[in-house]
Each structure stands twice: as C-alpha cells, then as structure tokens.
Amino acid sequence: MASQTRRRLWLFAILFLLGAHMTTAQESPLSLRELAAQNDFRIGAAVYTSHLNDPAHAETLSREFNMLTPENEAKFCELQAQPGQFDFRRLDQLVAFAQQHDMEVHGHTLVWHQCLPSWVANGQFSRDEAIGILRDHIYTVVGRYQGRIPIWDVVNEGIADGGSGLRDTPWHAMIGDDYIELAFRFAHEADPNALLFYNDYGAEAMNAKSDAIYAMVSDFVERGVPIHGVGLQAHFTLNTINSGSIARNIQRLGELGLQVQITEMDVRYEGDTTADILSQQADDYREMLQTCLDSDYCTAFIVWGVTDKFSWLRGANLGFFNNPIVEPLLFDDNYQPKPAYHALLDALGQYSD
Ligand code: XIL
C-alpha cells in the first residue's frame, strides 16, 4: 500500500474514533454512579439474584449504581432454612456480581422478625440455646463474607411502631431485651472491620420512633456496644417528606459518631400514574438525596429496586398498601429513566460542581 494511502486511512480511522467518542459523550451524560464517585458517595439499589439474568437489569444496575443490597438473599430464612444447613448460592452470585462491577455490598439483614424459618420462630429454645443460634448464624454469615460485605444491617425493625419500646419478636421472646446488643457484639467478633448498622422504617424524621432509636443507639455508644450507623429505610408516601426534620435526625445521630444511610427508598401513591405524580415523585427523591448530601454524616443513598416492574410494592397486597400498578422507583418497566432519575442526577451534579 502506498504510504500516502496508508496515512489517509489512519487519518480516517482517527477522525472516525473521535466522532464516535463525541457522539457517545453527547448522548450519554454521566451516570448516577459516575457523579457519585466524584463526591466519594455511594448510590445503591436493592436487587434479586434472579434479576441478574435479565441483561437490561444487570446493565442498568452496574451502569448506574456503585452499591447493591441483596433484597432478600441475605435474610435468615434464605440462608439457613433448616438448622445448620446454610445455602449461600444466591448470595454468592450477587456478591460476585458486585465484585465484578466494583460495587460495594450493603448486607441486609442478620436479625429480623420476618423471614425467620419456622424452626426458629416456633422453636422451644432456652435463652442460652437461642443465643447460641443467633451467634452461630451471625458468625457463619458475617465470617464468610468478611472483606466482601463491608456493611451489615445487623438488626432490622427492632423498635415497636410508635416507639413504645422493643418490638415483640421471637428473638426478643427467647432472649430478652439484650438480643439486639448481643447481635452487634457477635457481628463485630465475626468481622471487626465491618460497619454495623441498625435499620428501621418510619424513623426518618424526628418522631417517637426515631427518638426510641436515638435513645437505644446513644446507650450503645456510651457502653461501647459496637455500632457504626443507622439506616433510614425511607419507604415514603408521595409528598410526605419533611426534610428539615429528617436533617435534624441525621444530625443528632451523626453527633453520636454514627453514619447514616438512606437504605430502601421508594415513593408510593394510590391510583394511576400521572405526569403530576411523576413530577412530585421526582421532587421527593431530590429532596431526600439533597438532605443526605447536605450532611457530612449521610454516606449512602439506596433505592429499593431498579425498575418499577420488580418493586416489592407491585402486585402485592401488603396490608398497609395495595396498588398493583404503582411506579415507585427510578426506572420504568422498560428501564427508561423517569423524572425521579433525572432529579437525582441533578442533585448529584450540583454537588460535583
Ligand atoms: C421486602 C422485599 O422487598 C420483598 O421482596 C420480600 O417479600 C419482603 O421483604 N423493609 C425491609 C426489607 O427491611 O427487607 C423489605 O423487603 C421491605 C421493607
């Protein structure tokens, strides 16, 4: 080939590559995780292992998020349905996916009154036997994922609604008031480097329940019970966020030396979806993320699913909520970004400037 032709071909190739690069840059602005990375911030989503088989799901998850929470795979009934027989297959797959895509795993959850197998929930155990079961479960699970699951929701929803003391659960009935602190101590023994969280709902703003959580975790901090953070679930109903009050709650927890993470956000409503609803929903997401970013103590923002079509609020009659057509998340049924997604991009973008 004559050297002139070769030079021309090279020039063509370079121009073509430059052009392709510019088009991609124009068509796809930074993703949520790219913007979050600029602030050293975590943006996460809950996920089922089975949904990784859907290429659009896997692609959206790894493109937009740098943290994931196993939606169910790390709960007691999933991991130890029969005494002493652990099944880690689904959780292992999720953790491997996270590692492959450089995502952090927010472990959820070691101790909860739901997803308890009947051998625990209906077992007739002495206090010491129950403590043994709790210890063994936590040691096995936290120990296995040491270094791969750096954060655990150790206890989920342990405070009664209305804040009137501890929730009445099988663990509480078998062990007594100290089951929560025992769980934190066991988790810390199993992985001294893991960040240990207490997680709950309806306790985002200042109210009786968040007061009860604050009292419990203050006491833990004072007595040296290993705890590093509080998770605010943030399952909201449309247009009910009181960000001033949430900011005060985050602030008081932070002043104890604890981190806060928004752990399970979604925004639900009754009836059909309208443009007004989607716009209010976007405002709600923006307000919650901005409140988190405004605080030095709030270190992650996690949504409870990627696409509306897999939301736990879809099709399920949860007692407190029944709207089978609700669209509570950031991406619609076809993985198209919704106004709420753009609101989060905006909020993250402002902090990156
Ligand atoms: C939900 C899951 O999303 C559902 O798939 C499952 O059937 C029940 O649990 N608060 C929590 C989560 O802490 O673990 C719950 O997840 C939603 C409410």
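**Note on the salt bridges of the predicted model**

1. Arg223 and Asp219 form a salt bridge, their closest N and O atoms being 3.0 Å apart; the term denotes a side-chain nitrogen of Lys or Arg within 4 Å of a carboxyl oxygen of Asp or Glu. The two residues are four apart in helix 10 (residues 208–223), and therefore about one helical turn separates them. Helices (H or I, at least four residues) and strands (E, at least two) are DSSP runs numbered from the N terminus.

2. This is a predicted model, in which local features need pLDDT of at least 70 and side-chain atom pairs count only at pLDDT 80 or more. Residues are numbered from 1 along each chain, and side-chain values use heavy atoms, without hydrogens and water.

3. Arg223 is partly exposed at 41% relative accessibility, as is Asp219 at 31%. Here buried means under 20% relative accessible area, exposed over 50%, and partly exposed in between (1.4 Å probe, protein chains only).

4. Asp346 pairs with Arg286 in a salt bridge, with closest N and O atoms 3.4 Å apart. Asp346 belongs to helix 13 (residues 339–352) and Arg286 to helix 12 (residues 275–294), so the pair ties together parts 60 residues apart in sequence. Asp346 is partly exposed at 41%, and Arg286 is partly exposed at 25%.

5. Asp308 and Lys338 form a salt bridge at 3.0 Å, N to O. Both lie in the loop between strand 9 (298–303) and helix 13, 30 residues apart. Asp308 is buried at 0% relative accessibility, and Lys338 is buried at 5%.

6. The salt-bridge count comes to 18. Asp161, Arg167, Asp200 and Lys209 are linked in a network of salt bridges.
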